[in-house]
Amino acid sequence: MQDFAPLLTDTDEIISHSFVSDVTLRSGRVIALITLDNGKDHTRPSTLGPHTLLEFAGKLDELKKRAVNKEIHAVAVTGKPYYLAAGVDLTKVQGLKDRHSGRLIGEMGHWALDKLSDLGVPSFVFINGLALGGGLEVALNAHYRTVNQAAPAIALPEVFLGLIPGWGGAYLLPNLIGIRNALKVIIENPLKQNRMLKPAEALELGIADVMFDSPRFLEQSLDWADDVLGGKKVKRKNEPGKVEKATIWSPAVSIARKTVRQKLGSVPLSPYVALDLIDAAKSGTKKDAFTREDQAIEDLSASDQFHASIYAFNLVQKHAKKPSGAPDKALALPVTKVGVLGAGLMASQFALLFLRRLEIPVVITDVSQERIDKGLSYIIGELDKLVEKGRLSSDDRNRYAGNLSGALDYKAFSDCDWVIEAVFEELKIKQEVFAELEKHVSESCILATNTSSLSVAEIGSKLANPERVVGFHFFNPVAVMPLVEVVRAPKSSDQAVATAMNVARNLRKTAVITSDSAGFVVNRLLGYLLGEAMRAVDEGASFEQVSEAIAPLGLPMNPFDLLELVGLKVGAHVLDSMHAFNSDRFYASANLHKLAEYGKLIDRDSKGNIKGYDKKAMEIVGNALGKGRSSEEIFESVNLGLAKEVKLMLDEGVVQSAQDIDLGMIMGAAWPFHLGGITPYLDRTGASERAFGGTFHDPMIIGIRG
C-alpha cells in the first residue's frame, strides 16, 4: 500500500462514512450494501476526501475476505438520499502545498476505487442521486450500474475546472461507452457551460445498464442485481470493439482536438491533457492508464489554471449568491406584472424571458400597432418552437401566451410593478418614454433601463420620482447570457435596487451591482480591448496579427469576430461612447465606422463557417502585415491598459471588489474559467505590478511553485 499519510493530516474533512448492511435477495443470495453518507442534510452532498477513501477501501477489503469465505455473493454501493457523491472536495485539492500531494490524491482514488473491480464477486453501484466527478468514477470502477430516473445530474466536469477525470474515468468511460460518447461526456459537455447528463441520457450512452423509478429504486436495483447474479445477460451496445479502436478512435480524438482549438485556442491545459489520456485508453493496461492519470493530476493540480478555475468556480457558486453592495432582500417589492417598452428583437426577448421565468402577465408596447403585432408574433413563434423541440408543454405554452398582451396606450401599464425599456439607445428618447410612462404607473412601480452606455441618472432626471429608476443591463442573447448588471444611480433607492436584484434572481441570472459609470463593468473593459484592437489595425497591423497577438488572453473569440457578433454599428457606438467618456484612454476608430457602413468583416462559406477576413474589409482599413507595432508590443499594451482600467474602476467605486469585476467578465464576456477572471490573470502576467506597483489579490491566485 502506498503511504498516504501526508493526505491524512486534515482533521476538518467531512467524512462520508461507508455503512455496510447485508441484504438477503429473493433468491436467498446475500449482497453487502455500502451506503455513503456524510451525516449532513440534503444541502451538503457527500464528498470523497482522503479519510473517506481510506474507510471505503477498508470496508472493501473486509468484504473481499467475506466473499472468499462465501458469506456474500456481491457488493453494491449507493448513497444517502439525493446523492451518490459529488466527487473530491476541491477546496482540499486547492489547498495542497506540494506537487507530490497532488499525485497522492490521484493514486489514493485509484487504489480505493479499483478495489470494486477485484472483490472476487460482482460489484454494483446504484446511482441513486447526483453523481459528479469522483462520485461517477465510483460507479465506473464497478462491474454493473443502475440509475435512478430522478437523479438530478450525472457528469465528469473535471475539464471545466482545469483537471481531468483522474480516478479511472479517462480510461474506463471510453472503454465502456465508446470513443464518441466518451468525448461528449469528458470534453464536450464540460466545455459547453458544464452541461450535465440526465439519467435517461446516462442510460442511453451506456453509463448505466438499467434505469428504475424513484419510489422503488433501491428495491428494483437489488432485484435486478439478483437477476444478474442468476445469469441474466447485460447487453452494452456502445461498448467499443477492436474495429472501433483500430479505425475510429484516434480520428475521433483528432477531430475533437481540432474543435477545442477552434473554440478555445491553445491556452487551456486540461482539455488537451484529457484528450491525450482518452486517445491512449484504446490500448494498454488499466494499470498503465491509471499511472498516466496520476501524472496528469499531479501536473494539473499544481497549475495556475486549476487554482484560477477554482477561484472562478467559487465566484459563480458562492460570491454570486451574496452580491456585494446588495440591499436587504426584504426591501424588494413584489412583481406581479411586467411592462416592456419596445417590441423589437431585444424587447421581445425580454418579454419571452419574463413570461417563462416569472410566469406573470407581460405587456409590450411600441410606436405602432404593426410593430407591436410583429413583437407578439415573434414571442408566440418562439414559444411554438420550444413546444416543437419538446422543451415546453402545450399547456405551459398556452398559459404563457395567455399572459402576453400588447397595447399602444400606456394605460395598459397602470398595474405594472416593473417596467423595462428597450428603445433606441438615445438619451432624449429614453427620457421621453419614461416621462410619459410615469403619468400612468403607480408611484411604487420600478422603472428599469437596459442601456449599455448612457447615464442611468440622466435617463431618470426628468422624472418626478427618479429614485425608482435602476439600470438593468442584459447581455445578448438574452436567454443564454447569465449576467445582468444592476446599475445603482446616485438617486436609485434601496427598494429599487433590491427589487432589481430579486427580479434578476427570479430570472435565474447572476447580478453584479455597479455604479452609474460609463460602460459599467463589461462594456468598459471590452470597449477598451476592442478599441486597442482597432488602434493596432489603424496603425497598420493585419486583423490576423492582432488576433494572434492577444490570443494568450484565452478569450472564446477574437476582437473582430466579437465585433461582427455584436454588430459593427453597435461596436462603433460602444467605442464612441467610451471615447467620449475619456478620449485619452479609450480609442474610437473612423475605420470601424467605415466597416459598419460596409456591413461585413468576416468572410464565410455557404454553411456559415469562417473562411477568413473579407477582402473589401481589408481594403477599407488598408492594413498590411509588418506595419505598426510588433505583436509583443500590442499584447503588452492591452494587458497594461486593462490593468490600469481595472484599478481605476476599483478606485472609483464602480464595484466594491475585484471579485465583482471577475464575476462580471466571466458571466458577461465569457472570460475563461481557466484564467480565473481578469484580475488573477493580470496579476500572474505581471501587468498589475507594471501598471500600479501592486496586485489585485494578496496572495496571488497561482499554482504550486517548485
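## A guided tour, starting from a surface patch

Select Met557, Leu565, Val566 and Val570: together these residues make a nonpolar surface patch with about 340 Å² of accessible area. Patch members have over 30% relative accessible area and no salt bridge, with like charges joined within 9 Å and nonpolar side chains (Val, Leu, Ile, Met, Phe, Trp, Tyr) within 5 Å. A salt bridge here is a side-chain nitrogen of Lys or Arg within 4 Å of a carboxyl oxygen of Asp or Glu. Areas come from the Shrake-Rupley method with a 1.4 Å probe, and for residues only the protein chains shown count as cover.

A word on what you have open: this is a predicted model, where local features need pLDDT of at least 70 and side-chain atom pairs count only at pLDDT 80 or more, while totals for chains, interfaces and linings use all residues. Residues are numbered from 1 along each chain as its sequence is written, and side-chain values use heavy atoms, leaving out hydrogens and water.

Stay on Val566, which belongs to helix H22 (residues 559-566). Helices (H or I, at least four residues) and strands (E, at least two) are DSSP runs numbered from the N terminus. Val566 has a relative accessible area of 40%, so it counts as partly exposed; the scale is buried under 20%, exposed over 50% and partly exposed in between (1.4 Å probe, protein chains only).

Next, jump to Ser688 in helix H29 (residues 687-692). Ser688 is buried, because its relative accessible area is 0%. Show its neighbours too: leaving aside residues up to four places away in sequence, Ser688 touches Ala643, Leu682, Asp683, Gly693, Gly694, Thr695 and Phe696. Contact means heavy atoms within 4.5 Å.

Now for a sheet. Colour S4, S6 and S8: these 3 strands form an open sheet in the order S4-S6-S8, with parallel pairing. At its edges are strand S4 (83-85) and strand S8 (154-155), each pairing on one side only. Two strands pair if DSSP finds at least two bridges between them; S4 and strand S6 (residues 130-132) are joined by 2 bridges.

Finally, zoom out. The protein chain has 29 helices and 19 strands, and its C-alpha trace spans about 85 × 60 × 50 Å along the principal axes. Of its 706 residues, 54% count as buried. The chain exposes about 29,800 Å², with carbon and sulfur atoms supplying 52% of that. Among contacts between residues at least 6 apart in sequence, 74% join residues at least 24 apart.
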